[in-house]
Amino acid sequence: MNDPRCVPGLIDAAGRPDSGFASNSAHYPSADWHYAVLPALHEVVGHLPDHAEQLLPLICDRLDTASDGHVLSAYCQVLADWGPAAEAAVPQLLTLLEDDRTWRPAARALSGIGGAAREALGLLSARSAAVGEHMAFAAWACWKVGGEPEQALDALGRTVTAKGFPRSALRMLADLGPQAARYADRLRSMTSDTEPWTRVEAAHALWAVTGETEITVPALTAAVRGLSEGVYLPVALPAVRYLARIGRSARPTADLVRGVPARDQRLRSSGAWRGFTQDEAARAAIHELITACG
């Protein structure tokens, strides 16, 4: 609920061995009964960017002690989501960036922090020059902290021609926007891919790169249509958010889902606490779409 009165208690609990919070994420199925479990600690603090200054020492301590790569990645993702508010963690992240075992989660965090992490430019540039499967990611992260886009575009070009073309690469191209116009034809063809997540990410990237709506809006709407029929699939949430960014051209989709929030059902695919946060996120996204479309 983001109540500031709870922050001191959260910090105190997190410092105890018996905090009650798990170290790793757990997922439970959507069922007829409720699983009463706590989120993992990183999932709690991830919802509290307004209190980043108070919570950063807690997270930096976890970065120092994390022996599990999944846990380290989770806390680095929190820092990435917090953006410039996590600037105080940059020195620690630079140390992680130097280590071949931990550089990728550190680069993720630094990319979210952006220009405030410009000290990472040299290390990320060196990582992006090393040929390998993570070269495109390193080049993109380098651009995010203040580097030139050309290295990221060239590295993503190799990914574009590879079989599969992962979702993460599509999101990177979307970030680069019109600078990635050379890949518009490839993105256009991927909006009819058989895999729903690929279609959604490709459609958003195509819109971000070209501003086209004739292909992108129908492709995104196809992923949203189930909401109007009472069916919630996880791919619908990013699709609704992308349509809200597109704005008035997505008005037919906004009309399609306009009555969804009034339904007496939770929009969720998971059980336990995620069933509530998924529902809240979906309703907020639908409201944003309707507002954006007037």
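Predicted model: local features only at pLDDT ≥ 70, side-chain atom pairs only at ≥ 80, totals over all residues.
**Stop 1: the largest pocket.** Select Gln77, Asp81, Arg171, Leu237 and Arg241, which lie nearest the centre of the largest pocket among its 43 lining residues. The space there comes to about 1,800 Å³. Next, colour the elements that each give two or more residues to this lining: helices H2 (41–45), H4 (69–82), H6 (103–113), H8 (135–144), H10 (167–176), H12 (196–210), H14 (236–246) and H16. Which of them gives the most? Helix H4 does, with seven residues. Coloured by class, the lining of the largest pocket shows 18 nonpolar, 13 polar and twelve charged residues.

**Stop 2: the second largest pocket.** Move to Met1, Asn2, Val44, His47 and Leu48; of the 14 residues lining the second largest pocket, these lie nearest its centre. The volume of this pocket is about 530 Å³. Helix H1 (7–14), H2 and H16 each supply at least two residues of its lining. The class count for the second largest pocket is eight nonpolar, three polar and three charged residues.

**Stop 3: proline 261.** Select proline 261, in the loop that runs between helix H15 (251–257) and helix H16 (274–292). Is proline 261 buried, partly exposed or exposed? Its relative accessible area is 34%, so proline 261 counts as partly exposed. Show Arg283 and Ile286 as well: proline 261 touches both, leaving aside residues up to four places away in sequence. Finally, draw a distance from the C-alpha atom of proline 261 to that of aspartate 279; the two residues are 18 apart along the chain, and these atoms are separated by 9.7 Å.

Notes
Residues numbered from 1 in each chain as written. Heavy atoms only, no water. Helix = DSSP H or I, 4+ residues; strand = E, 2+ residues; numbered from the N terminus. Buried < 20%, exposed > 50% of the residue type's maximum accessible area, 1.4 Å probe, protein only. Contact = heavy atoms within 4.5 Å. 1 Å grid on protein atoms, 1.4 Å probe; cavity = no way out; pocket = protein on both sides within 12 Å on 5 of 7 lines; lining within 4 Å. Points joined across faces, edges and corners; volume = space filled by probe spheres on them. Nonpolar A, V, L, I, M, F, W, Y, C, P; charged D, E, K, R; others polar.
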